[in-house]
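Hi,

Here's the structure I promised to pass along. Have a look at it first, and then read on for my notes.

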Amino acid sequence: MFWSFDKTAEVMRWYADFIATASEDIYGWCGMLTVPPAAPFPAALHGQKVCGIMWCYLGSLDNAEQAFEPIRGFGQPVMDWVGPIPFPALNSMFNAAYPPSQLNWYIKGDIFEKLTDEAIALHVKYSSQLPTLLSTMHLYPINGAVHRVGEKDTAWGYRKALFSATYVGIDPDPANNALITQWTKDYWLALH
């Protein structure tokens, strides 16, 4: 689902509240992106910055509509493609936009215990400045089973974390490496 970029703060606040108590059958990561000017995305959205949530539901198909009632009850997305698809189709949805071995990437990530209004404002600020068509930010929830394991039971012990953010500068032209690197570093530092 994509919402117009001007709804980003509202979507992020709703998302943080929703995902914190969502059934473990529903997973969704929130991201900011520029809609690729290619199929399967609608031509009317090509080149627009949007706030999106990529949903995955692993419960019974018979219960899917009921599970998505609170999601579909929120706001007016500019695109709603939520529906049954094979898992490989979900995993390959963005493959055409990100061809292997043809892009320059600069990535930084961080983990957070909460998504504050200040953090949301910074996400809006830096996401509005996506430096290239393919640059993006993803916010992944850390919930469910991870919080039922003790801090010393595995190699990763930061069990208070609720979100993981990934800031990604991407472009095919090496001449833009400084641009994507600086944007990624600035975004990370502002949120960190």
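Below is what turned up on one helix pair and on the cysteines.

Keep in mind that this is a predicted model.

Helix packing first. Helix 1 covers residues 8–21 and helix 5 covers residues 117–127; their axes come within 9 Å and cross at roughly 135°. With that angle, helix 1 and helix 5 are oblique to each other. The crossing of helix 1 past helix 5 is right-handed. On the helix 1 side, the contact is made by Thr8, Ala9, Met12 and Arg13, while helix 5 brings in Asp117, Ile120, His123 and Val124. By type, the residues of this contact of helix 1 with helix 5 split into 4 nonpolar, 2 polar and 2 charged.

Now the cysteines. How many disulfides does a search of the whole structure find? The count is 0. Cysteine 30 is in no disulfide, and the nearest cysteine sulfur to its own belongs to cysteine 51, 3.8 Å away.

Cheers

Definitions and conventions: Residues are numbered from 1 along each chain as its sequence is written. This is a predicted model: local features need pLDDT of at least 70, side-chain atom pairs count only at pLDDT 80 or more; totals for chains, interfaces and linings use all residues. Side-chain values use heavy atoms; hydrogens and water are left out. Axes are lines fitted to C-alpha atoms, for helices over the stretch in contact, and angles run from 0 to 180 degrees between N-to-C directions. Helices (H or I, at least four residues) and strands (E, at least two) are DSSP runs, numbered from the N terminus. Angles under 35 degrees count as roughly parallel, over 145 as roughly antiparallel, 65 to 115 as roughly perpendicular and the rest as oblique. A crossing is left-handed if the near helix is turned anticlockwise from the far one by less than a right angle, and right-handed if clockwise. Contact means heavy atoms within 4.5 Å. Ala, Val, Leu, Ile, Met, Phe, Trp, Tyr, Cys and Pro count as nonpolar, Asp, Glu, Lys and Arg as charged, and the others, Gly among them, as polar. A disulfide is a pair of cysteine sulfur atoms within 2.5 Å.
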